[in-house]
Amino acid sequence: METIKAKLDETPFQTAGPFLHIGCMPNAIKINKIYQNDLGEIPFKDKQENELITIEGSVFDGNGVALDDVMIETWQCDEKGQFNEDSGFARLIPNNITKKFTLKTIKPGSYKGFDRKTYSPHVSLSISARGLNMTLNTRVYFEDDELKNDPLLSIISLDNVNSLIAKKIKKNSYLFDIFLQGDKETIFLDI
Amino acid sequence: MNAKSLIKRNYEKHPEIDFPDYKSSIFRAPKNRKISFPSSNTETIGPIFNKNIIGKLDNDLTLNFSKNKISPLGHKIIVYGTVSDQFTNPIKGALIEIWQANAAGKYLHDNDENPAPIDPNFAGCGRCLTSSSGYYEFLTIQPGPYPYPNRGIEWRPMHIHFSIFGKSFGQRLITQMYFEGDPLIKLCPMVNSIRNEKAKNSLIGVLDTSKSNTKNLLAYKFDIVLRGIKQTYFENRKEGL
């Protein structure tokens with residue numbers, strides 16, 4: 001195979017800063033006149049409540065404080081493991097009081113990748129906030145799925161793989177906290 | 001069927017994550033190395049956004065929040081450019097969202113403690129999709145510089161925040177555009193978290209006098225490059241194709 005060389009450098013990142021809501025989720029901060037809806041309000045349209053799962057959690061800094069100015073973007077395939085370019089994306093910010101974000105979505109299916117390997121169900125996350133010079137990426141897997149053959153999880157040592165696995169707290173409901181620093185620092189990915 | 005893979009990020013041309021000169025990074029920047037792995041479907045297919053989400057005034061920040069067509073304070077500028085990938089291919093349908101302070105350096109946001117006045121006719125929020133040649137254009141107001149608490153009070157150079165989606169989640173980019181000639185750029189710890197000079201300079205919008213003269217407005221050109229995606233075609237194509 002011929003190797004194609006990149007001609008240009010990727011534009012560098014800069015922090016999204018504390019006011020990212022203005023550009024990304026204006027309706028969430030009561031700038032209501034401009035966009036009819038904020039982008040990514042619901043990941044999949046026309047789904048019934050009983051088809052949905054909930055993933056909730058907080059993003060903690062190195063002092064153990066839950067961030068309230070963070071934006072989390074999520075991206076996933078559908079229940080059959082199919083990526084549809086126009087659905088599966090959501091944007092979340094933590095609740096003012098509880099400091100928890102809540103994703104209501106369908107449980108993604110597993111899929112066979114380009115590499116013919118089978119990926120366990122997961123949701124991809126992109127995390128932006130003041131203090132983060134680059135967006136951080138990670139994945140949410142689910143503890144009640146078969147995970148041992150997943151191509152990503154199998155290259156991560158057992159000690160810290162747990163930071164990528166959401167805990168089931170009740171039927172259709174999962175907990176996924178994100179730790180930016182400290183003993184429990186979440187695994188972030190160079191995607 | 002084709003396999004897609006993203007070109008690996010060159011972190012030397014990006015900001016340092018753990019950069020104490022930018023105080024907010026001290027307790028937020030992760031300390032461990034990121035885990036690298038080959039691109040999968042998740043990183044290389046979508047999301048893509050439909051043009052029906054874009055309203056007529058979404059890329060005109062001088063009108064999209066104005067009452068009775070009153071112009072916001074400050075001078076109007078055009079910010080434009082192209083979005084391409086690292087192979088120089090223009091990216092059609094890339095979603096660009098921008099946000100910025102008003103002419104006085106104030107954001108329309110409860111958390112902005114700068115005592116400068118808000119402008120009732122300016123929200124500082126805009127978006128558009130790129131054309132088939134990757135072109136985008138915004139009409140807005142020159143944002144003011146502003147003080148913020150960092151190592152004592154420091155000043156942010158004039159800037160516009162950019163969020164860009166190309167064709168895949170792995171191309172996602174959030175950055176800021178600065179303005180040519182602003183003396184505050186070289187003092188800014190967020191800019192200086194990028195060590196590479198060429199990379200740093202690529203964030204500076206360049207004054208385009210020819211476009212400025214045609215439109216009778218100052219115009220700044222800011223080209224954006226997203227990661228390249230390599231495609232490998234499997235040899236299982238039907239005969240004759």
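Reader: Which backbone oxygen lies 3.0 Å from a polar atom of the B:Lys106 side chain?
Author: That's the backbone oxygen of B:Asp112. Keep in mind this is a predicted model. The backbone oxygen of B:Asn114 also lies 2.7 Å from a polar atom of the B:Lys106 side chain.

Reader: OK, and is B:Lys106 buried or exposed?
Author: Buried, yet B:Lys106 has no salt bridge. The nearest side chain of opposite charge is B:Asp112, 4.4 Å away. A salt bridge needs the side-chain nitrogen within 4 Å of a carboxyl oxygen.

Reader: Where does B:Lys106 lie in the chain B layout?
Author: In the loop between strand E4 (95-99) and strand E5 (125-129). Beyond four places in sequence, B:Lys106 touches several residues, including B:Ala101, B:Glu113, B:Pro117 and B:Ile118.

Reader: Switching topic: which residues touch the most other members in the largest nonpolar core?
Author: B:Val83, B:Ile96, B:Trp99, B:Tyr136, B:Phe162, B:Ile164 and B:Ile224, out of 57 residues in that core. Strand E10 (residues 173-179) of chain B gives the most to this core, five residues. Apart from it lies another core of 24 residues, among them A:Ile55 and A:Phe188.

Reader: What about B:Ile153, why isn't it called buried?
Author: Because its relative accessible area is 59%, B:Ile153 counts as exposed; the cut-off for that is over 50%. B:Ile153 sits in strand E8 (residues 152-156) of chain B.

Reader: And what is B:Ile153 in contact with, leaving aside neighbours within four places?
Author: B:Pro147 and B:Tyr148.

Methods:
Residues numbered from 1 in each chain as written. Chains lettered and ligands numbered in written order. Predicted model: local features only at pLDDT ≥ 70, side-chain atom pairs only at ≥ 80, totals over all residues. Heavy atoms only, no water. Helix = DSSP H or I, 4+ residues; strand = E, 2+ residues; numbered from the N terminus. Buried < 20%, exposed > 50% of the residue type's maximum accessible area, 1.4 Å probe, protein only. Contact = heavy atoms within 4.5 Å. Core = buried A, V, L, I, M, F, W, Y, C linked by side-chain atoms within 4.5 Å. Lys, Arg positive; Asp, Glu negative; His and termini not counted. Polar contact = N/O pair within 3.5 Å; in protein donor to acceptor, adjacent residues only side chain to side chain.
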